[in-house]
Amino acid sequence: MSRYVARIGSALALALAILPMLGGSAAATPSRTYVFGGRSYTFTQLNDSRGHIAVAARDPGLQALLGAIGAVMTWQPGQRYVLITTAQPTIVSFSVGSTSYDVGPASAQASFAPFRMGGRVYLPLRELLHSLYLAPVRDGPDLLLQPQLGQINVVADGNRTKIEAHAAIPLHAHLQERTPTRLDYRFNGVGSTLAPLRTIAAGGVKSIRVIPGGTPRAPWTRVVVTLQPGARYGPARSHDGALVLSIVAPAGAQLAQAGASSYPQAQPAAPEPAAPLYATAAPYVPIGATPAPVLPARAQVTSLNASPAPDGSFTLRVAVTGAATYAWHRLRPPDNRFWIDLHNTQLATPPFDAPMQSVVTDVRVSQIDPTTVRIALSVAGPKSIEVVSTPAGVRIAVASIDEMPGLAMDGVGSIGGAPIVAQVPPAGAQTPGWQFGGASTYVATNPRLIVIDPGHGGSDRGAVHDGVAEATLTLKMAKRLRAVLLARGWEVKMTRTKDVDVYKPYDTAEQELQARDDIANQAGALLMVSIHCNSYYNPGPNGTTTYYAKPIDKPLAEDIQNVLGRTLGTKNDGIVKSHLYIPLHAHMPAVLVETAFLSNPHDFALLTDPAWREKLALGIADGIADYAGSPPPPASQNQSSQSSDHP
Amino acid sequence: MIGLFDSGLGGLTVVRRVRALLPAHDLLFFADQAHVPYGERDEDDLRRLLQVNLSWLDAQGVDAIAMACNTTCAVAALGGWPPCEAVVLDLIESAAIALSDAEFLRIGVLATSATVRSGAYGETIRRRVAGAQVFEVAAPALVPIVEAGQADGERARAAVAEACAQLPERLDAVVLACTHYPLLDAHFAAVLGPEVARVDPAFEQAGRTAALVAARSFPAGSGRTRCVTNGPDVAAFRRVVTEVLGEASVEVIGVSAVT
C-alpha cells in the first residue's frame, strides 16, 4: 500500500516538472507570465510552498525583466544577501531569513523571509515587484506589470514639510484643483497601491489621500493633500527623478524666515522660484514646469559600430539622429566598467550584449528608461577612454594603454546642439590633454559649412623644393577639395582663394594663423581642414600625417587619415596630436593634413601630379563623409550663396 | 558636497569636526537608524549595509565620503571596499595616523563587538606605529544607550565605567573607536582620569577630509548640513542633531517607506 502511494507521488512530481515546459496553466504549475512595456516575461522558477509566491533570484524571466528596467542583481550561490541596483540608482536588498528588506535608505517588512531551497535563493515576489514600483494588474488574459506611484515621502524639514513622490517612471503632475486647504494632483501613467488615506497631522499637512483610477494599461493616480487651516504651500517641482509636490508650513509660521534659516540653498537642479510661497489667490503656476530645458523630439540611436584596431585600441561609433545629451561614468580600478547614458534618446536597434575579443570585452546596449539609452563597456584594465561628440553622434575611443593617474572619471556632453543639463565635473578636476582647447562639445552655428585653409600664401611661401612652393600646392589641393565638397552639397569657405597673406604681408605667424582661425570661428563652421606639405632637410622622410590638437579633433583626424592611408599611395604615418596653432585655436573640430613631403622624390612626384591631388581631395572629402555623414538640409530657403570666400 | 554615514547618532561627532574645518562646504549625513546597532550584526550583513549606504551617498552626488562608522570600516578592512565613485576616507586609518603622530605606545581601543572581532584596529595601528601594544575591548552596551538619548545619565556613566574596567592598566591612550563614544566623553574623562589620553579619530578624519577637499578643489557649497535618518523617531533625531551641531543651517530629513 505504501509503495503504491509513493509511486503516485513521484508521478505527480514528474508531471509538475514537465508542465512548465509545455506552458501549463498557473493552477498546476508554478509559472507566471507578466507583460511590461509591451513584452512578456515568464517567471518559471517559482515556489508557493509557504502560501506566498516566491521567485528564484536567478529566474531567467526575472533577470530579463530586471534588464528591461535597467536594474542589475548582485547575488552569488551561497550568499545570504540579494542586492538589486535599479536604474535610479536605488539598491533594493533582501536577506535570507529576514523579513525586513531595504529600498534605498528606507526599511520595510515582507510577508515572509527569503529562503534557500535546492541551491537557490527565493525572494518574496510581491515585495520584490513592489520594491521596483511595479504592480501586477490583470487585463483580460494578460497580467500586466503596471508602473506605480511607489512611494510618497513626507519629509520633515524644520517647520516645513516636503512631500516627495517617487515612481517607476518619471512623474508629471497635473494640478486639478486648488483651494486654501486642498491640493489635488493627478499623475498620468502610474497606478498606486499606496494606502488610500494617510493622516499626517503635522507640519501643516492634515492628510494625504491617494486615489488610483484609469484602466490597467492607462492608469492614473490622484494625490489629494489636505492642509491644516492657515497652512501655505509653494509650487511643485521635480528633483532627482522624484516630484516634490508641495512645501507646506504650519499656520502662522513666518515663511520667509523659515525659508532663510532651514533651507539656505535651492537644489542646483531645480532652483526655487523667486517667490516660493504664496497663500491663496496667487496666479496659477503650472505644476511640473521644471526649469530643466525641454528637449525637442526624442533622438534615435540608430546604429552602433564597434571597431577594434590592430594596435589594440577600440572605437565605438554611436550614430544618433537628433538632439541629445550624454553623461558618462567609469568606475575606479580594479573595476573597469564604463557606461554612458544618452538622454532624450530612443534605441532604434534591438538591445544587445556582445562579448568582444579586444581591450573592450563586452558591449551592452539597452533602453534603461523611456528617455535614456545606456551603453556599458567592460574594459580589460584601467585604459584611457575618450568620449567625443561628432556630427553623427558620439564616439567612444578606448586606448590600448593604461590610463594616466588623474584621468576624468565622468563627463557630459551634447549631440546635435542639445543644451547640457548635467553639470560638468568640478573645476580643478584637471584632466590631462584637456588643458587647451576646452570643451568636449562644440555646436556649429552653420552645420552645413566646412572651412578649408590652404597653408601659407603671399609673403609666406612655405617649403620650397625645385622651385615648387608649398603655398602654391596647398591652394591647388584646397580648390580641388572645395569642388568635391560643393558637389556633395556642403557649403565651403576658404581662408584664401589666391596666393596672398590672410592677415597682411610679413605678419607674425600668430597674426596670420589666428586670422585663419577667426574666419572659421566667426562662421560657426562644422569643421576646418588645413592643408599643408611637409618638408625635411634630407630626402629620406616621406608619408602622410593628419595632425590634431583638441579631443574633439581626434575623430575627424582619424577618419580623414583612414581614407588617405588607404588611397594615396604614400606611407601612412597615422594621426599625431600636436599643439599646432590652427587646430588648437579653432573652436570647431579642426585638423591639419600634411599631405606629403616636398623634400622626398617619391612624394614630390605625387604632389606635383594633378591626378594625385584629385585623389587627395576625394580622400579628404570621403574622410569628412565618414565623420559627418551628408550635409544637413538648409535651415531656410533664403540661404545665402553656397560658397563664400576670403581673398 | 561631502557625504558621511553612520549607523546612528554617533556619526554626528564626525560631522561636527568636518563642519568646523569646512564651513563653506555642503555636508550630507546619513544615519542608518533603521539598522542600528551595527555592532551585533555579522560581517556579511555589515558589508551589505556598507555597500547600500555608500551607493546611496554616491547617488546623491557627493564628492567624497568621510566614513563616520568604525564598524563598517572594520568590515571593509577585512574584505575590501565596495565600488564607489566618490573618494572614501577610512576612519580607522585616520585613527592610526593620529596615534602615530602622538607616539602613543600602550593603546586601548574601545569599540563595538564587530569592530573588535575584526581585529582591524590592532592591525592598522601596529602597521603605522612600530612597537605599539594594542588592547581591543568590546563595549556593546554603549551604542544603545546613546541611541536612546541617555548619554548624560547615570546608566551611561556606569556602562562606561564597566567598559573601561576591561582595559589593562598604565595605558598611554584610549581610542574611542566608535563614533558614538565621544558623546559619552564626560564619562570617559571621569573614569579614565587625566593620565590617559582619549583619542577621537574624528579630528584626524576631519583633517584628512579638509586636505582632500583642498587637494582636489572640490567645489564649496552654501555651508548647508543635511542630516537624514531612516529611523522611526525623526523628532528625537532632530533633538540630538541640534544638540551636537547647533541650529544654524541644519536641515533634518526623515525617510520612511510608506506602503
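Axes are lines fitted to C-alpha atoms, for helices over the stretch in contact, and angles run from 0 to 180 degrees between N-to-C directions. Helices are DSSP runs (H or I, at least four residues), numbered from the N terminus. This is a predicted model, in which local features need pLDDT of at least 70, side-chain atom pairs count only at pLDDT 80 or more, and totals for chains, interfaces and linings use all residues. Residues are numbered from 1 along each chain as its sequence is written, and chains are lettered from A and ligands numbered from 1 in the order in which they are written.

**Chain A: H7 and H10**
- Helix H7 (residues 554-567) of chain A packs against helix H10 (residues 610-628) of chain A at about 140°, and their axes are 8 Å apart.
- That angle is why H7(A) is oblique to H10(A) (under 35 degrees is roughly parallel, over 145 roughly antiparallel, 65 to 115 roughly perpendicular, and the rest oblique).
- Residues of H7(A) including A:Pro555, A:Leu556 and A:Ile560 meet residues of H10(A), among them A:Gly619, A:Ile620 and A:Tyr627 (contact requires C-beta atoms, placed from the backbone, within 7 Å).

**Chain B: H1 and H11**
- Helix H1 (residues 12-21) of chain B and helix H11 (residues 234-245) of chain B pack at an angle of about 40°, with 10 Å between their axes.
- H1(B) is therefore oblique to H11(B).
- From H1(B), B:Leu12, B:Thr13, B:Val15, B:Arg16 and B:Arg19 meet B:Val240, B:Val241, B:Val244 and B:Leu245 of H11(B).

Note on methods
Helix = DSSP H or I, 4+ residues; strand = E, 2+ residues; numbered from the N terminus. Contact = placed C-beta atoms within 7 Å.
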